[in-house]
Amino acid sequence: MSSPPSSLRDLYATPSNAWSFIPPLPPSSDSNSSAFSPGPSSTSQSYQWSTRTSTNPLFDLSSSFDSDGSDTRMFITVKLKGLLAAAFLQYATTALIMPLDVGKMLLQVQWVPRDAGEVVPGAVLTTDTVEEEEELSDDSNENDSYFADPSNVNTAAAPTPPPPRLSDERGYVVRQSVLEEGTIPEYVIPVGSADGTWGMVKRVGRFKSEGWFSLWKGLLTSAVNDALSGTLQPIIHSLLQSMLSPVLPPITPFSPSAMPLLLPVASHVVTGFLLSPLDLVRTRLIIQSSHPRYRTYSGPLDALREILAHEGGLHGVYLHPHLLLPTLLDCTLRALVPLTLPGLVASYLGFGVPLAPETHPIMWAVAELLGSCAGLLVTLPFETVRRRLQAQVRGDARPLRACVELRPKPYNGIVDAFWHILTEERSDLPLEKKRRRRKSSSAKGKGKGAEGLREDGARLEGESWLKNTGIGQLYRGLGMRASASLVVFVLAMLGGDEPDSGWAEL
């Protein structure tokens with residue numbers, strides 16, 4: 001018979017801290033070891049794996065919900081806070097660039113006829129500055145007039161009255177010039193008072209019927225439009241990709257065909273088409289007068305309701321030729337130009353060496369800058385024509401009282417708008433002031449005593465070729481857009497990462 005061990009230390013085994021899903025083996029039936037084996041209470045606890053699935057997991061962010069719903073409430077709270085933060089950031093970003101957008105759009109829709117600033121007989125223009133000048137008479141003229149016969153009136157020296165002003169059958173003066181003083185509505189900013197976007201921003205802020213708060217007209221509509229555009233475009237791109245991928249050939253990064261451009265351009269065009277009513281409402285809200293007496297729409301919902309009720313409903317908003325064709329052209333060019341021109345410019349900058357953002361980041365950034373500036377020469381004219389056609393009311397809608405001068409006759413399509421802008425408008429803004437001298441002399445002279453207006457020499461502004469063409473009207477806001485592209489380039493050079501594309505939307 002074997003003797004028992006001298007110490008229990010030889011029988012000690014370190015328990016495992018790992019999870020055990022298999023019950024431990026029962027102790028051996030050896031009589032010698034059974035006396036020293038631990039009791040059932042000291043055996044390691046076994047755990048059984050639960051096969052119960054999680055109840056309604058949401059986005060796989062939580063394995064299960066508590067029975068009291070605390071996880072659900074916490075998840076919804078986090079999501080709501082994220083949505084509110086994103087909405088506030090979008091609203092603040094849009095509010096930051098809104099004054100420049102308002103100034104650019106008002107310049108795009110403003111009608112500047114070629115005869116603006118021309119002298120109308122008997123009329124005073126808003127661009128005229130009148131100077132008082134008194135003509136002194138010498139002593140001999142005063143003596144002659146003192147001893148002159150009052151009955152002998154020198155009719156030849158009498159002042160010539162101005163020609164009568166044209167009037168209609170009701171007696172109102174007919175407006176012969178957009179700058180004729182006394183005939184400009186009080187809510188319209190005079191034509192030619194601002195040349196660039198920043199000049200129009202200051203002019204709107206200082207105008208009595210507008211004010212500085214008018215620089216944020218259409219802010220809510222713009223923020224909603226930008227947020228929906230940024231959300232819908234990736235969704236539509238994914239849907240088009242899933243539907244057309246079995247039909248389209250495989251696309252590689254170096255594919256020579258135009259297939260890599262088809263889906264991004266198509267997604268942008270479909271998104272712009274779906275959101276075109278919001279863009280129309282935004283344009284109308286920005287260009288309308290802020291004066292309560294002449295305001296056409298009280299807000300975005302009222303504008304949308306009025307447009308749908310009086311301008312053909314959804315069919316007129318989406319499928320009217322004056323709205324559909326400019327929308328398709330503008331959205332196509334906005335998406336196509338940034339995707340093609342940087343690569344085209346990079347092929348010339350590389351001198352035969354292919355440029356890529358990974359291998360030549362600086363040269364690629366320069367190519368993007370040059371491509372964006374060159375793309376403005378293509379996209380801005382179509383954007384201007386689209387804004388002009390959006391400013392026209394259709395159907396039985398009441399006339400829109402805009403804060404800038406609009407063309408009295410509506411345009412009849414894209415080609416007609418291009419033709420009339422180029423042939424009947426001028427581009428030399430701002431219109432220079434002409435100096436008129438109000439000459440007055442004493443009635444004691446040789447019969448010259450009357451007030452008259454005469455021009456002081458030739459016009460101060462030099463004749464320019466821009467006066468005879470409206471090509472500059474098609475590129476209003478070009479300087480501001482080019483400056484925004486330069487800001488994007490500088491941020492990319494300093495930060496090293498791709499900057500926010502919202503700056504390029506300027």
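Which element gives the largest share of the lining of the largest cavity? It's α10, with 4 residues. Helices here are DSSP runs of H or I with at least four residues, strands are runs of E with at least two, and both are numbered from the N terminus.

Before going further, keep in mind that this is a predicted model, where local features need pLDDT of at least 70, side-chain atom pairs count only at pLDDT 80 or more, and totals for chains, interfaces and linings use all residues. Residues are numbered from 1 along each chain as its sequence is written, and side-chain values use heavy atoms, with hydrogens and water left out.

Now back to that cavity. A cavity is a set of points on a 1 Å grid over the protein atoms alone where a 1.4 Å probe fits but cannot get out, and lining residues have an atom within 4 Å of a point. Two or more lining residues come from each of α7 (276-287), α10 (321-349) and α11 (361-390). Look for Ser276, Leu280, His322 and Arg386, among others in the lining.

How confident is the predictor? On pLDDT, its per-residue confidence from 0 to 100, the protein chain has a mean of 76, with 63% of residues at 70 or more. Residues 439-462 fall below 50, with 55 contacts in the model beyond near neighbours in sequence; contact means heavy atoms within 4.5 Å. Residues 33-44 are also below 50, and that stretch has 6 such contacts.

Notes:
On a 1 Å grid over the protein atoms alone, a cavity is a set of points where a 1.4 Å probe fits but cannot get out, and a pocket is an open set with protein on both sides within 12 Å along at least five of seven lines; lining residues have an atom within 4 Å of a point. pLDDT is the predictor's confidence in each residue, from 0 to 100.
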